Each structure stands twice: as structure tokens, then as C-alpha cells.
Amino acid sequence: VDNYTSINNFTNIARQAAVLCILTICAFLAILTHQLDLSIGGICGLTGMVVAVLLEKQAPLPVACLAGLATGVAFGMVNGLLAGMTTIPTFIVTLATMNIAESLGMVIRTGTIQITNSTFVWLSNGSIGPIPFPLLLVAVIYLIFWYILKYRPYGTRLYAVGGKEEAALTAGINVKRTKVSVYLINGFLSGLAGILMASRLSSANPSAAMGYELDAICGTVLGGTALTGGRGKIGGAFLGAIAISMLRNGMNMMGLRLVTQKMVIGAVLITVGVICALKKTEK
């Protein structure tokens, strides 16, 4: 218990939680607009591989990072076009692109790629004063999205599309374009999360972020976002992501196997889903 509540452990949680917090924004935006994005973990892993390979070939750090982000945006575009312009369920679309992204990562390299670039490693392991850099980055990203969702017309459109598409269309909102934009944002953020993960681990692996999509969805639902779309707050999603990260950290310190941790996270998601369903029934 003493180790869990230590300053060093909370700092460690902050660094570890950065990736999940960013991916939770992706899950939040998708669920808010009554969609689903299962590809974020696969894109995250693939981005890390792209960056690692380029750094291994002595490419400049900005070029490697931009290539990783471009990879994420490209997948986001594919997801968006298929989700927004066709009637294929987003579950099927993003499940397919998740597998494609992970497979492409394995095509690049079947094993783990070590990263020795000290500046790149600092992105996740460095600090500005006493505050870990990833924590500052996550805080800035969440503040930006909080402002957009609360005060900008784009935020209003997202809630409208998730609430009722027909009403959104009647109000003159371009529903298809809004859905495409969500997946473009998700692709960019998944790429950013992949860069942070590779930086923290000082390595990249195609399967490094496998299962993170479940954690992100769990954090979003745990934070009070309605699975039916149109209702939820990004602050709640952030708290949900932190709760899942602290739970993961605790289970790691207890020495629980990864398979057991997945069972616990799955049980939490089912429990929250049941509670939400019961509340809806009561209304």
C-alpha cells in the first residue's frame, strides 16, 4: 500500500496514463456521435513501428514523428469515409482496420524495435520542472477539447449528431462530414498516443497497444458517457481513464497476470453497462 501511494508511483501512473487518456478521447468522440472505434489500439501500435523504423534508419526526429502522425490520419480517413459514406456498421469497419493496422506493423517488423534516440525517449520520460511532460501534454489536449465541446459550434454538432441524426440533418448539419471528421481526429490522436507509447517503452511492437481500445471504451463509459450517443462530458472520460490506469497499476503491483487484468477490466465494463441500463429502465 505504501508503495502504491508514494509520489514516485503517482508520477509513474501519470506517465503510463497519458496514452490511455489520449485514446479515451478517441473512444469518447466516437461514442458521443453514436459510433465505435476499435482501431485506435492497432493504429497506436502501427504508428510506433513507423516512427521506430525511421529513427533506426537515422531519419530526423520531426520527420519520423510526422510520418507516424500521417499514418494515423490516413487510417482515420479510411475509417471516416467508410463510416460516414456507407452503411457498414462502425463496429465492422474499425474491427477490420484494427486488424489491418496490426498486420501492417508485423509486415514492417515481426519483433520489437529498440529506440535509442534520447530526445524521443524524453517525450514520455522527461519533465518540465516537477511535472511530467506527458501529463502537461494530456492536460493541454483535454482543455482544448473541453473548450471546443462546450463553446464551439463543432462541439454542438457532435452532440447533435449523437443525439438524433434526423434532427441534426433537419438543423442543417452535415452528418456525414461530421462523422468523417471524428475519425480523422481519432487517427491523429491515435498516432500521437503511439508516439508517446514508443517513447515510454523506448521500443515499438505491433501489438504494444492491443487491448487499449477496450480500456478506452471502459474509461469513457465509466466516465458517464451514454452508449446511445449525444450525452457525456470529456471531463468524465478523463476521470474514467485515470481510474482504469490506477486500477491497472494496482493490479500490476499485485502481480496479476495480463489475462486476469483483462478479465477484471471486462467485468468493470459489464457492471457499468448494467448500471446504465438499469438507470435507463427506471426513467
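1. Helices here are DSSP runs of H or I with at least four residues, numbered from the N terminus. R248 sits in one of them, helix α11 (residues 234–253). The model is predicted, so local features need pLDDT of at least 70 and side-chain atom pairs count only at pLDDT 80 or more, while totals for chains, interfaces and linings use all residues. Residues are numbered from 1 along each chain as its sequence is written, and side-chain values use heavy atoms, with hydrogens and water left out.

2. R248 has a relative accessible area of 16% and is therefore buried (under 20% relative accessible area, 1.4 Å probe, protein chains only). Its side chain makes a polar contact with the side chain of D215 at 2.9 Å; such a contact is a pair of N or O atoms within 3.5 Å, and within protein one must be able to donate a hydrogen and the other to accept it, with residues adjacent in sequence counting only if both atoms are side-chain atoms. Leaving aside neighbours within four places in sequence, R248 is in contact (heavy atoms within 4.5 Å) with D215, L258, Q261, K262 and I265.

3. Beyond four places in sequence, the contacts of F120 include C65, I115 and I195. C65 is buried because its relative accessibility is 14%.

How values were computed
Helix = DSSP H or I, 4+ residues; strand = E, 2+ residues; numbered from the N terminus. Buried < 20%, exposed > 50% of the residue type's maximum accessible area, 1.4 Å probe, protein only.
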